[in-house]
Amino acid sequence: MKLNLKMLAVSAALLGLLAAGAALPASAAGPLNAAAALSLPWSPAAVESVETGTYASTMTVGTQQQLSPVILPAKAARKATVTFISNDSTIVNVTSEGVAQAVGVGTAQVIASADGVSCVYTITTELDESMIVKEMDITLASGTIAVGETTSLSLSVLPSSASNYANVSLSSSDPAVATVNNFGKVTGVAPGTATITATCGDVSASATVKVVNSGADRQSIDLNTSYVVLKPGASRTITGKVTPSSASQSLTFKSNDTKVATVSAKGVITAVGTGATSIVVSNGTASASVTVIVNRNASSSGNGGGSTDDSNGEVVTDPVVEAIEADGTDEVTFAQRELPTITGEMLNALRLNGKTLVVEADNYTIRIAGRDVKNTSAQVSTALSFAPSEYGVTFTLNGGEALPGVVQVEMTGDNAVYTRVYLHNALKGKWQFLNSYKDHVLEADTAGEYLLTTQNLRFVHVDMTFFIAGLVVIVGIIIAYIVIKKRYWFW
């Protein structure tokens, strides 16, 4: 019989190890100590500590940051699975990948855990100046209602970007006369007068409603116009008639912002500075209002800046259409709060005059060129609300309704950091990458939900478990092949 020297050497080494183990005391040779003594390189390591690492403890609402906990030892960090959870997702929301998103105002804690060991991120969120309401204005659709009837309340805030974050409460000075709900619906309860007040922090605005016994007693004021656009220094006269004719026809006029426009006792509006305000017309019982926009690109409503008497009751041309037709430049510009909706009449004026309408808002600008208008029966909402998402921010263009043609949306301010845009395909339930986004300008002809991001989203998720299992099978096959082909290769 031939002896294999290599096998003898290995056998001797094993006998030596067994002898050394037998020489140890019984307490030292127990199963636990033996396991601790024999630590193989590929044995899994337990997580000993989880630290927060560097992170921003203060965030601005609408922003996000990546949380990167530090796991020790490093060998355990390579295989540890970290889970994240927020104790208040209305303030700070966190994704499974550890992206913390500031969605509300306050303080929240995010707990990061790995193998039962945790750390806590304490994050305080706050609003920036563009998200804080500085001014408010409320207007009632009707200043006089009958018992049991309702009217609606419209609210505007400055800056307009703060409307997405404003927490407004509505109240009535006398609920026994009129009530108001959280949606601005005012209901007449009993004859009398009540003041409806909107409050947001330290800012408030009020409007008065009069409740009468029945619809027969209700008075209303019919004005010759409800919407006026003027250049600074120009003027226009507003007139009104009270129904029924037996009611007092003596009208008073008041401007809600004399820095934008003033009004005389005879109803002559004079534009002072750019912006928007409303003129309240009242006979002491009924009231109505006229929206006044002062814009540098508007055509003068008067004759050479003088007053124009519209006492014949004829309704004036839409002031935005008038500005498009009369302006000498190729572009007509309005602020978004001045022009919340682009109507079919305005689109038709753009197409006929070859002009471009520009609507400026915080963090975006909308442009519609007359040459791109294909459907003048459509309307365009100029209000875009941006919401944080897992990949960036999302917004819905035109509320999902059809667009009149190509609409350009230029991202400015905070939105200018994003480099890619996707359109959500509702039929497939997937985001579709768009090539029509260059230099922060989106050229869109399709309404719907859009995503702004800096990531290259492929939306293909590879299950690493199957990948590793397949790799192990391949390696096993290779080893089996070598062992079969070379019987004593390891010795």
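This is a predicted model: local features need pLDDT of at least 70, side-chain atom pairs count only at pLDDT 80 or more; totals for chains, interfaces and linings use all residues.
The protein chain has a mean pLDDT of 80, with 82% of its residues at 70 or more. Two stretches should be read with that score in mind. Over residues 17–37 pLDDT stays under 50, and the model has four contacts beyond four places in sequence for them. Residues 300–316 also stay under 50, but there the model has 40 such contacts.

The salt bridges come to three. One joins the side chains of Glu129 and Lys134, at 3.1 Å from N to O. Glu129 is exposed, with 55% relative accessibility, while Lys134 is partly exposed at 43%.

The other residues to look at are Glu331, Arg367 and Glu410, which are linked in a network of salt bridges. Glu331 meets Arg367 at 3.9 Å, N to O. Glu331 belongs to strand 27 (residues 331–335) and Arg367 to strand 30 (residues 364–369), so this pair ties together parts that lie 36 residues apart in sequence. Arg367 also forms a salt bridge with Glu410, where the closest N and O atoms are 3.0 Å apart. Here, too, distant parts of the chain are linked: Glu410 is in strand 34 (residues 407–411), 43 residues from Arg367 in strand 30. Relative accessibility is 36% for Glu331, 25% for Arg367 and 26% for Glu410. Glu331 is thus partly exposed, as are Arg367 and Glu410.

Leu471, Val475, Ile479 and Val483 make a surface patch of about 320 Å². Val475 lies in helix 6, which covers residues 464–485. With a relative accessible area of 40%, Val475 is partly exposed.

Key:
Residues are numbered from 1 along each chain as its sequence is written. Side-chain values use heavy atoms; hydrogens and water are left out. pLDDT is the predictor's confidence in each residue, from 0 to 100. Contact means heavy atoms within 4.5 Å. Patches are made of residues with over 30% relative accessible area and no salt bridge: like charges are joined within 9 Å, nonpolar side chains (Val, Leu, Ile, Met, Phe, Trp, Tyr) within 5 Å. Accessible areas come from the Shrake-Rupley method with a 1.4 Å probe; for residues, only the protein chains shown count as cover. A salt bridge is a side-chain nitrogen of Lys or Arg within 4 Å of a carboxyl oxygen of Asp or Glu. Helices (H or I, at least four residues) and strands (E, at least two) are DSSP runs, numbered from the N terminus. Buried means under 20% relative accessible area, exposed over 50%, partly exposed in between (1.4 Å probe, protein chains only).
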